[in-house]
Amino acid sequence: AGAPGDHLQIGGVGEAVLDGVTFLMSDSRGHRVLRLDTTFALIRAFGSEGAGPGELMWPGMVVPWNDELVVGEFSNGRFTIFDRDGNYLRTVPGAVRPDSHGVLHDGRIVMQSASLDHYAVVLSPDGSSAPFAPRPASLVAASDAPTLGAYGSLVLVGPGDTTHVFDNEWGVLLKYDGHGRFVHGRSLPIDVLDAQGDNRDGFVEASAKQGRLEDVQRAPPLRR
C-alpha cells in the first residue's frame, strides 16, 4: 500500500467498501479479497484462483450482509459467500456475469442485468431470478438496440432496501424501493458526465487496439 517496507501487491483494485473500522477490497487480478485496516495494512486475505468452492475468478464488488460477505465473480459468473473471517459458506449462480450488486434484507441479491426493459434482476438463494428495477418508459430500449446501460451500470442497495441504479449510457441516477418499483431519477451534472464519457472513450479505444471486440460492443458511447 506504499508504506516503507510494505510488500503488499494488488493486481487490480475493484470496488472497495468500509466495513466497520476496516476496508474490504477485491484484488481482481490476484483473485482474492483483502481486509485492510485504516492505514491500509493487510489484516487478512482470502480466496485463490479457480472455480471450486471458495475459489475466485476476477472478483468485483464485496458486499457485507449480516455476518457474511457476498463476492461477485465476473469470470465464474456467480456469487461466492464467505463468513466475516473469509471462510467459504456457499455459492449462488448469477443470472449474468456479476459486475455490480447489492443485497436485500432477506439475503436476496440484486445484480445488474443487460435488459431492454429492466436494469437488474433479483436472485433467490436457490439461484432463481426475477426482473428488478424496470426502466422508466422514456428509457426502455428498442428491440434492435445494443445492450443499453450494461457496461459500467452500478447497483447499490441501502437502508430499507432502497436501491439506486446508475445508467452508465444515459448518465441517469435512478431510485427504486425495496420491491423494485421506480421512485424518481435525475440526470447527473454535465461535468460528471464528461469525465465518465472520457473514461468510457479511453476504454473503448484501448479495447479496440487490443482486438477485444466484445468489450467494445459492451460499451456504446455515452449519450450526453
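1. Buried means under 20% relative accessible area, exposed over 50%, and partly exposed in between (1.4 Å probe, protein chains only). By that scale Arg84 is partly exposed at 27%, whereas Asp19 is buried at 12%.

2. This is a predicted model: local features need pLDDT of at least 70, side-chain atom pairs count only at pLDDT 80 or more, and totals for chains, interfaces and linings use all residues. Residues are numbered from 1 along each chain as its sequence is written, and side-chain values use heavy atoms, with hydrogens and water left out.

3. Strands S7 (residues 78-83) and S8 (residues 88-93) run antiparallel and are joined by five bridges. Strands here are DSSP runs (E, at least two residues), numbered from the N terminus; two of them pair if DSSP finds at least two bridges between them. Phe82 has Tyr88 as its bridge partner in S8. Four residues separate the two strands of this hairpin, and Gly86 in the turn has a positive phi of about 90°.

4. The whole structure holds nine salt bridges, each a side-chain nitrogen of Lys or Arg within 4 Å of a carboxyl oxygen of Asp or Glu. One of them joins Arg84 to Asp19, with the closest N and O atoms 2.8 Å apart. Arg84 sits in the loop between S7 and S8, Asp19 in strand S1 (residues 13-19), 65 residues apart.

5. Arg44 and Asp85 form another salt bridge, at 3.9 Å between the closest N and O atoms. Arg44 lies in strand S4 (residues 42-46) and Asp85 in the S7-S8 loop, so the pair ties together parts 41 residues apart in sequence.

6. Glu73 and Arg78 meet in a salt bridge at 2.6 Å, N to O. Glu73 is buried at 0%.
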